[in-house]
Amino acid sequence: QETAKQIFAKAGADGLKKWIMERDELLLTDTTMRDAHQSLFATRLRNRDMLAVAPFYEAHGSPFFSLEVWGGATFDTCLRFLKEDPWGRLAQLREKIPGIMLQMLLRGDNAVGYTNYPKWVIQEFIKETVEQGLDVFRIFDCLNQPDKMQVAIEEVKKRGAVAEVCVCYTGNVTAANETKYTLDYYLNVASTLEKIGADIICIKDMAGLLRPNAARTLISALKDRVKLPIHLHTHDTSGSQVAMLLEAAKAGCDIVDGAVSSMSGLTSQPSLNAVVASMQDGPRAPSIRLEILDRLARYFEVVRQMYKDFDPGLKATTTAVYEHEIPGGQYSNLYDQARKVGVSTEEFYELTQRYADVNELFGNIVKVTPSSKVVGDMALLLQKEKLTKESFLRDKPKLDYPDSVRSFFQGHMGTPFGGFPDDVRKIVLGDDAPPPAPAKTPEGDSLEQVRQELQEKYGRSFSNSEVLSYRLYPKVYAQYLDHRKEFGDVSGLVT
């Protein structure tokens, strides 16, 4: 039977949409080479260990809808820690896996960074990424603002790739006391995304808060409201997400994310192996064979051992995630930071409570990179100053607030649904702070201007991809170039 990649090559995004929605089987996206290692061991998986298994994916993985292999934090960590070229990763994986769709995570106007970039950066980045072989762009905004995804959606469509656009999920849509992030809220965001050009709607459940009953309610309602395929992404922090994916499948969800079993669970995605085994012989059974997933799991089980120094040491799932709402990748990072500075289990529990406090202080916002980092930075400050939500509001302390928190309240990321809480904004920025406004773009900023700056600095010519790496992460890219000059290409070294 024809694969998603073959349909897309032949009929484009429109033909692919039609094909997805006509299928009985539940389609699968494998996140092992992106979000799984980002959530389990700090995004440290090297090109070498992906490329070694790539031929196996090509030979046996064609039933996958897509492989998530790029974007999110991988761009930054490739340069910063692995001293590898992220563009090289994408090009080499494309070369070795021509037969499966490759997918990335793009943070709307934040691209693969933590700040808003000018329009030209987003457009050139997408153009270059498509040229390097990417098929599906999962686009999101950390506060669910459709206008912050518009430039990316338009450019992805212009380049002939697939615009999978996200509604980030938070709270509990079926809870009687949920008055902010209601079913109508999600349906309205999804309808707007359909109008502005989304090919696929993704429910991005970054903290793993979507419970089985809520999944059934939300997906059934979305299938009635929007005439697009629904793709579901979650994290397994609570331990209940395989059950949730099974309910989502029953409700008509078209595609779900998971990771191979040895890279699944905890703050990663649910196990693909468990989903496939659970659905075997059923009406919507995925067509990928369980033995293929089991062989992939054995490979990654061995690989994962090599990265144990970056494993934060989480041993168990926790339903406390429903209270603190910390996204999967951030939870493992916070846990690691806390462990390294000698924070006890009880103190870490207090830190998660401070995270919940900050979320309430900020007006209960959608928490995903970079808004989740803002909440985390503030939670660490409250913990350090021994403040709770109540004492913070009472004392109105004059503290050295993190840049990310100041930037958030200045409106650089946009305005969260429901607006900013004025009392907290005044404590952070002062009584006479100007109204929230987007961050200003530097004058004369362009691809050619940045290229000229680089060429003057290093005395050689630079490709578009190199110029973009520098524009996105100037300091990190400069350090990467210095490292390359001193040590050469280290990506060939055994892990």
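This is a predicted model: local features need pLDDT of at least 70, side-chain atom pairs count only at pLDDT 80 or more; totals for chains, interfaces and linings use all residues.
Two helices, α14 (321–324) and α16 (345–361), each give at least two residues to its lining. If you sort the lining of this pocket by class, you get four nonpolar, seven polar and six charged residues.

Now over to the largest pocket. Here the space comes to about 950 Å³. Its lining has 38 residues, and if you want to find the centre on screen, look for Ala-73, Tyr-114, Gly-329, Gln-330 and Asn-333, which are the closest to it. Which helix supplies the largest share of that lining? That's α15, with eight residues. The helices that each bring at least two residues are α2 (32–41), α5 (74–82), α15 (328–340) and α17 (371–384). By class, the lining of the largest pocket splits into 12 nonpolar, 14 polar and 12 charged residues.

Okay, rings next. Searching the whole structure turns up 26 aromatic pairs. Take Tyr-57 and Phe-64: their rings are 6.2 Å apart centre to centre, with 45° between the planes, and that pair is tilted. Both Tyr-57 and Phe-64 are buried.

Then compare Phe-408 and Phe-420. Why is this pair called edge-to-face? The ring centres are 5.3 Å apart and the planes sit at 75°, so edge-to-face is what we call it; the cut-off for that label is over 60 degrees. Now look at where the two sit. Phe-408 is in helix α19 (residues 403–409), while Phe-420 is in the loop between α19 and α20 (422–429), so the pair ties together parts that are 12 residues apart in sequence. And are these two buried or exposed? Phe-408 and Phe-420 are both buried.

Rings can also come in groups. One aromatic cluster is made of Trp-70, Phe-75, Trp-87, Tyr-114, Phe-125 and Tyr-473.

Arg-44 lies over the face of Phe-81, 3.9 Å from the ring centre. With Lys-204, the charged end sits over the ring of Phe-140, at 5.0 Å from its centre.

How values were computed: Residues are numbered from 1 along each chain as its sequence is written. Side-chain values use heavy atoms; hydrogens and water are left out. On a 1 Å grid over the protein atoms alone, a cavity is a set of points where a 1.4 Å probe fits but cannot get out, and a pocket is an open set with protein on both sides within 12 Å along at least five of seven lines; lining residues have an atom within 4 Å of a point. Grid points are joined across faces, edges and corners, and a volume is the space filled by probe spheres set on the points. Helices (H or I, at least four residues) and strands (E, at least two) are DSSP runs, numbered from the N terminus. Ala, Val, Leu, Ile, Met, Phe, Trp, Tyr, Cys and Pro count as nonpolar, Asp, Glu, Lys and Arg as charged, and the others, Gly among them, as polar. Rings of Phe, Tyr and Trp (its six-membered ring) pair if their centres lie within 6.5 Å; planes under 30 degrees apart count as stacked, over 60 as edge-to-face and the rest as tilted. Buried means under 20% relative accessible area, exposed over 50%, partly exposed in between (1.4 Å probe, protein chains only). A charge sits over a ring if NZ of Lys or CZ of Arg is within 6 Å of the ring centre and within 35 degrees of the ring normal.
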